[in-house]
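User: I have a model open and want to learn how to read it, feature by feature. Where do we begin?

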Amino acid sequence: MKLTKRQLSINFHVDDTTIYLWERNRVKPSLAQIPKIIEFLGRNPFEIRTENPGEKLREFRRIHGLSQNKLAEQLAVDQTTLAGWERGEHRPIQKHVEIIRLFLNDPPIQS
């Protein structure tokens with residue numbers, strides 16, 4: 001895009017050093033910055049393809065700048081339940097799998 005670190009830092013309201021650290025993968029953008037970065041680039045540079053429901057939820061949260069509490073509220077589950085799904089400690093029951101699919105606009109698995 002041929003932009004300077006200064007131009008990017010102004011756009012994202014961060015210090016020039018922050019841009020440098022992002023570019024070098026020394027630090028990751030904050031949750032609040034990720035939706036701004038995606039909008040600026042016009043694509044998701046953080047995209048990870050996975051079939052794991054917990055990982056899908058974690059990535060959805062990241063690209064939308066949501067905390068676990070906010071997403072748990074939207075899914076009508078407890079935050080600790082969502083955290084367990086994301087960590088792979090347990091999998092959602094079928095009722096929740098369907099809610100998650102609808103929420104993520106994921107097509108149902110054909111049987």
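This is a predicted model: local features need pLDDT of at least 70, side-chain atom pairs count only at pLDDT 80 or more; totals for chains, interfaces and linings use all residues.

User: Where does H13 lie?

Analyst: H13 sits in the loop between helix 1 and helix 2. Its backbone deserves a look too. H13 is not a glycine, yet it has a positive phi of about 55°.

User: What phi does N25 have, and is N25 buried or exposed?

Analyst: N25 has a positive phi of about 55° and is not a glycine. N25 is placed in the loop between helix 2 and helix 3. It counts as exposed, at 69% relative accessibility.

User: Now the opposite end of the scale. Is I19 buried or exposed?

Analyst: Use the cut-off for buried, which is under 20% relative accessible area. I19 has 3% relative accessibility, so it counts as buried. This residue lies in helix 2.

User: Which residues is I19 in contact with, leaving aside neighbours within four places in sequence?

Analyst: The contacts of I19 are K5, L8, S9, F12 and V14, with those neighbours left out. Take K5 as a case of sequence versus space. K5 and I19 are 14 residues apart in sequence, but their C-alpha atoms are 6.2 Å apart.

User: How should I think about residues along a helix?

Analyst: An α-helix has 3.6 residues a turn, so residues three or four places apart point the same way. Now try a helix here. In helix 6, residues 79-87, the buried residues are L82, A83, G84, W85 and E86.

User: What do the buried residues of helix 6 pack against?

Analyst: They pack against helix 4 (53-64), helix 5 (68-75) and helix 7 (94-104). Just after helix 6 comes G88, with a positive phi of about 75°.

User: At what angle do helix 5 and helix 6 pack?

Analyst: The angle is about 105°, and the axes are 8 Å apart. Angles of 65 to 115 degrees count as roughly perpendicular, so helix 5 is roughly perpendicular to helix 6.

User: Which residues make that contact?

Analyst: Helix 5 brings Q68, N69, L71, A72 and L75. Helix 6 brings Q79, L82, A83, W85 and E86. By class, the contact has six nonpolar, three polar and one charged residues.

User: What lies between helix 5 and helix 6?

Analyst: A loop that holds A76. A76 is exposed, because its relative accessible area is 66% and over 50% counts as exposed. Compare it with G65, 11 residues away along the chain: the C-alpha atoms of A76 and G65 are separated by 18 Å.

User: Last topic: empty space. How is it found?

Analyst: Rolling a probe the size of a water molecule over the atoms shows where empty space is left. Here, the largest pocket holds about 500 Å³ of space. It is lined by 21 residues, and W22, P29, I37, L41 and F46 are the closest to its centre.

User: Which elements give two or more residues to the lining?

Analyst: Those are helix 1 (5-12), helix 2 (16-23) and helix 3 (33-41). Helix 3 gives the most, with four residues.

User: How does the lining of the largest pocket divide by class?

Analyst: The lining has 15 nonpolar, two polar and four charged residues.

Definitions and conventions:
Residues are numbered from 1 along each chain as its sequence is written. Side-chain values use heavy atoms; hydrogens and water are left out. On a 1 Å grid over the protein atoms alone, a cavity is a set of points where a 1.4 Å probe fits but cannot get out, and a pocket is an open set with protein on both sides within 12 Å along at least five of seven lines; lining residues have an atom within 4 Å of a point. Grid points are joined across faces, edges and corners, and a volume is the space filled by probe spheres set on the points. Ala, Val, Leu, Ile, Met, Phe, Trp, Tyr, Cys and Pro count as nonpolar, Asp, Glu, Lys and Arg as charged, and the others, Gly among them, as polar. Buried means under 20% relative accessible area, exposed over 50%, partly exposed in between (1.4 Å probe, protein chains only). Contact means heavy atoms within 4.5 Å. Axes are lines fitted to C-alpha atoms, for helices over the stretch in contact, and angles run from 0 to 180 degrees between N-to-C directions. Angles under 35 degrees count as roughly parallel, over 145 as roughly antiparallel, 65 to 115 as roughly perpendicular and the rest as oblique.
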